[in-house]
Amino acid sequence: MTRIVYADNAATTSTAPSVVKAMLPYFTELYGNPSSLYTVGQEAREGVDHARQQVADAIGALSSEIFFTSGGSEADNWAIKGIAHALAAKGKKHLITSAFEHHAVLHSMEALQKEGFEVTLLPVYENGLVKPQDVADAIRPDTALVSIMYANNEIGTIQPIPEIGAICREKGVLFHTDAVQAIGMVDIDVKAQNIDLLSLSGHKFHGPKGIGALYCRRGLRFPNLIDGGAQELNRRAGTENVPGIVGLGAAIQEATADIPGRTARIQAMRDRLIDGVLQIPRSRLNGDRQHRLAGNANFCFEGIEGESLLLMLDAKGIAASSGSACTSGSLDPSHVLLAIGLPHEIAHGSLRISLSDVNTEEDVDAILEALPPIVERLRAMSPLWERIVQNQS
Amino acid sequence: MTRIVYADNAATTSTAPSVVKAMLPYFTELYGNPSSLYTVGQEAREGVDHARQQVADAIGALSSEIFFTSGGSEADNWAIKGIAHALAAKGKKHLITSAFEHHAVLHSMEALQKEGFEVTLLPVYENGLVKPQDVADAIRPDTALVSIMYANNEIGTIQPIPEIGAICREKGVLFHTDAVQAIGMVDIDVKAQNIDLLSLSGHKFHGPKGIGALYCRRGLRFPNLIDGGAQELNRRAGTENVPGIVGLGAAIQEATADIPGRTARIQAMRDRLIDGVLQIPRSRLNGDRQHRLAGNANFCFEGIEGESLLLMLDAKGIAASSGSACTSGSLDPSHVLLAIGLPHEIAHGSLRISLSDVNTEEDVDAILEALPPIVERLRAMSPLWERIVQNQS
Amino acid sequence: MAYSEKVMDHFSNPRNVGEIVDADGVGEVGNPKCGDIMKMYIKVDGDVITDVKFKTFGCGAAIATSSMATELVKGKTIQEALQLTNKAVMEALDGLPPVKVHCSVLAEQAIKSAISDYYTRKGIDPTPIVGPIEDCEACHLH
Ligand SMILES: Cc1ncc(COP(=O)(O)O)c(C=O)c1O
Ligand SMILES: Cc1ncc(COP(=O)(O)O)c(C=O)c1O
Ligand code: FES
Ligand code: FES
């Protein structure tokens, strides 16, 4: 059996055994409904309350500002559609976001466009960074919301969120950030950074899938996405996913306990990986090298196509990705790589390797050993590569 | 330590150990993103596909008609808001439901009312049953959707769904049913029963919390509630909750494998319970005794208040409920009991005992032993009871 | 809901439950429609409340606040009893969940209502002494 190198931690992570352990009692023993009065319900309630505090502490929020959702996508949809609908009544029907947001943000924006909202897509330039000045310039008297992701899921670039937050606060515009990729990798303090709404998702930092949260600054009111029972202070209906919530709490606490220590270790591996991979001729690193998530490396190799590359890596036991997982069913090249100005044919040949604290130096060795011959092999059978080489010579 | 008698299975159930066992590998081994191409992702995809087939088989649907959601509330919201918005474009802005639906349905309807939709609430009468003829009479040329629950969560009454389905089909109106309480208790066949949309939730039949599904008849198109990635055939974004989905599949298969056998055993316990409890003077069973979920017993005791009753039962190790769990924070009496015509003061004194296949005859004994003295004690300190007795004599 | 231990103690073992047959004052507040009625009985000697008993139809908090209120006024003078606020009752119980605050209001009013009745029986107009006994705020919702 080949050893599996899992290097797609930006798509999803394994659930930490400690997290699973924290969850387990809530399936078969403390299974009560947290809204119930009796003991087995109140024990579940305590688990939920504790996790809410853990999430709040991780981002500098109050526990009453944390609302559990089914993941990052729901949190994004709720924040964006909710604020848009709330402020439309006051004549504010303009939204600002960036061209390379996650689809949960972009498609929410598109749905609103169909309802008559106007959306400004900010450029992200070749380095994959939003310019705070662009945000300032785009804000209008009828702007309801600015939504800029904390870190990009494909190319890992970390946006100047504190600067953007300050601009929005000064101009009196609400600011949402999709921090799904940033939790546990960047110091986040919603108060100091003037963030009004923030989305996060458990499975990106060794928590379970199907659970996330929306931080929503105290006093902000907007319509529910999911109406029904009185759960989550009447703002998100549905029997609480207690094991998931408890797992999210445990995972976020572990991920944020020592961010500098955690990222230093991951980044050292990642840097060695980047340096090694860039030895391959006509390869490039996408996105700014400095303002970058510790675990993210995103490359393009001219003349080859991403899916073939992935399948060959998989045959060697290496799991990586091209574009983001949720668009892998589509034939279109990554909207992120197009947004940073790559031509279509190059955007098709991208490889994202994303490391986490479960990776090891051996994993890096394995990737550095497997990758160059695969690239060479695919290029050898690529007419595009042939053309590139001819043009060059 | 007192033995715990959990008799609130309509609020939530314990996750079956076999279900937890089925889920566990998907946390730490088969943790890949199902949208990923590589092996660990495809293994997760297989788990999801298998569960989708299990859910489809349980209700007579095709697997391509099953969309996973975060629970019953999301499924209700999505179906109702989605169909309403899709058909509003064709001038259909009238919705029909019943007065005693779950809040996930009623509050979705209210949100639509605010947007300008018109909602007809059908009566449910003293027996807690919707009359098919009322549905037929309420349908208008501009009716977009009829939503009637399969079985009520408080009083357990099973609605004449096949009859209502036939009427809706004949009149060409879409029909949604919230079957959250009915799965595993009633034979459901969406094709034979002319159901276009059906909501279900895992934690009501010994599956996990935080996972559910919407069945949506082939060809029916309506807007997403959660936009984003291409998951669930582009109709419900978000990285799949793989362990939850696998658990839902395992649980629904177990719950529906032998419905007659399962319900016969539960119903025998429930009937002995009802007969025993009704020995208490001035007690009554709420909802029709025949058309009733096998595990449900809902009583009123004149002169006492529900919460005190629950707390005293809890002190004896018995977990039951008054009204539904998600409204227990509120002061209002159950909208369900008011809908079947109970006066406020009596609706305040209700007790719901809901049994499942994990309950035993000893549980019934324990309840029958504990309940009468508690009712007596509370009545002894109740000025309302004093008044009732005086009026009587 | 999460009641404090004190609340649970007063709920499970309510003090002074029952009625006083030859009471000097009886007060009743609340309304069955909203699910709460409190009835208080007081026995007065001079101006000291020597005995107090209650009966309550209501939630856990209603029973616990009734019990605590009786404890707090027993042996006190009428003037002292009139100073009893719902806040004091709540504090003595180590707090109540927000939705249950009105139950403590009910307890304060039940005591006042019994004292009112005591004055009325003596032929004294209670209004200037006791003040108006307002309806529970939450009641207006119904
Ligand atoms: C009839 C009914 N519909 C919908 C729901 C909501 O399901 P969930 O809490 O899983 O969102 C419930 C239970 O809570 C229910 O009993
Ligand atoms: C930046 C970003 N936002 C949102 C999401 C959506 O999160 P989820 O799949 O948990 O709904 C993801 C990952 O899938 C992401 O990377
Ligand atoms: S007395 Fe009615 S809720 Fe407490
Ligand atoms: S007395 Fe009715 S709600 Fe307070």
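Which helix gives the most to the shell around ligand 2? That is H4(A), with 3 residues.

1. **Ground rules.** This is a predicted model, where local features need pLDDT of at least 70, side-chain atom pairs count only at pLDDT 80 or more, and totals for chains, interfaces and linings use all residues. Residues are numbered from 1 along each chain as its sequence is written, chains are lettered from A and ligands numbered from 1 in the order in which they are written, and side-chain values use heavy atoms, with hydrogens and water left out.

2. **The site of ligand 2.** Surrounding ligand 2 are 15 residues. A residue counts here if one of its heavy atoms lies within 4 Å of the ligand. The closest are A:Ser73, A:Asp178, A:Ser201, A:Lys204 and B:Thr239. The site is shared between chains, because residues from A and B surround ligand 2.

3. **Polar atoms at ligand 2.** A polar contact is a pair of N or O atoms within 3.5 Å; within protein, one must be able to donate a hydrogen and the other to accept it, and residues adjacent in sequence count only if both atoms are side-chain atoms. A:Ser73 places a polar side-chain atom 2.7 Å from an oxygen atom of ligand 2. For A:Gln181, a polar side-chain atom is 2.8 Å from an oxygen atom of ligand 2. An N or O atom in the side chain of A:His203 is 3.0 Å from an oxygen atom of ligand 2. Taken alone, ligand 2 exposes 380 Å², and the protein buries 96% of that. Such areas come from the Shrake-Rupley method with a 1.4 Å probe; for residues, only the protein chains shown count as cover.

4. **B:Thr239.** This residue sits in the loop between helix H8 (231-234) and helix H9 (242-256) of chain B. B:Thr239 counts as buried, at 19% relative accessibility. Buried means under 20% relative accessible area, exposed means over 50%, and partly exposed is in between (1.4 Å probe, protein chains only). The side chains of B:Thr239 and A:His203 make a polar contact of 3.3 Å. Leaving aside neighbours within four places in sequence, B:Thr239 is in contact with A:His203, A:Lys209, B:Asn33 and B:Gln231. Contact means heavy atoms within 4.5 Å.

5. **The site of ligand 1.** Here 14 residues surround the ligand. A:Thr239, B:Ser73, B:Asp178, B:Ser201 and B:Lys204 are the closest. Residues from chains A and B surround ligand 1, so this site is shared between chains. A polar side-chain atom of A:Thr239 is 2.5 Å from an oxygen atom of ligand 1. A nitrogen atom of ligand 1 lies 2.5 Å from an N or O atom in the side chain of B:Asp178. On its own, ligand 1 has 380 Å² of accessible area, and the protein covers 96% of it.

6. **Helix H4 of chain B.** The largest share of the shell around ligand 1 comes from H4(B) (residues 72-88), with 3 residues. H4(B) is mostly covered, with 14 of its 17 residues buried. From first C-alpha to last, H4(B) reaches 24 Å, close to the 24 Å expected at 1.5 Å a residue. The expected span is 1.5 Å times one less than the number of residues.

7. **Helix H5 of chain A.** H5(A) runs over residues 103-114. Its 12 residues should span 16 Å, and its end C-alpha atoms are 16 Å apart, which agrees. Among its buried residues are A:His103, A:Val105, A:Leu106 and A:Met109. Their cover includes helix H4 (72-88), strand E3 (94-98) and helix H12 (335-339) of chain A. Just after H5(A), A:Gly116 takes a positive phi of about 110°.

8. **Cysteines.** A search of the whole structure finds 0 disulfides over all chains. A disulfide is a pair of cysteine sulfur atoms within 2.5 Å. For A:Cys216, the nearest cysteine sulfur belongs to A:Cys168, 16 Å away. A:Cys216 is buried, at 3% relative accessibility.

9. **A:Ser322.** Is this residue buried or partly exposed? At 22% relative accessibility, A:Ser322 counts as partly exposed. Its side chain reaches the backbone oxygen of A:Ser350 at 3.1 Å.

Methods. Helix = DSSP H or I, 4+ residues; strand = E, 2+ residues; numbered from the N terminus.
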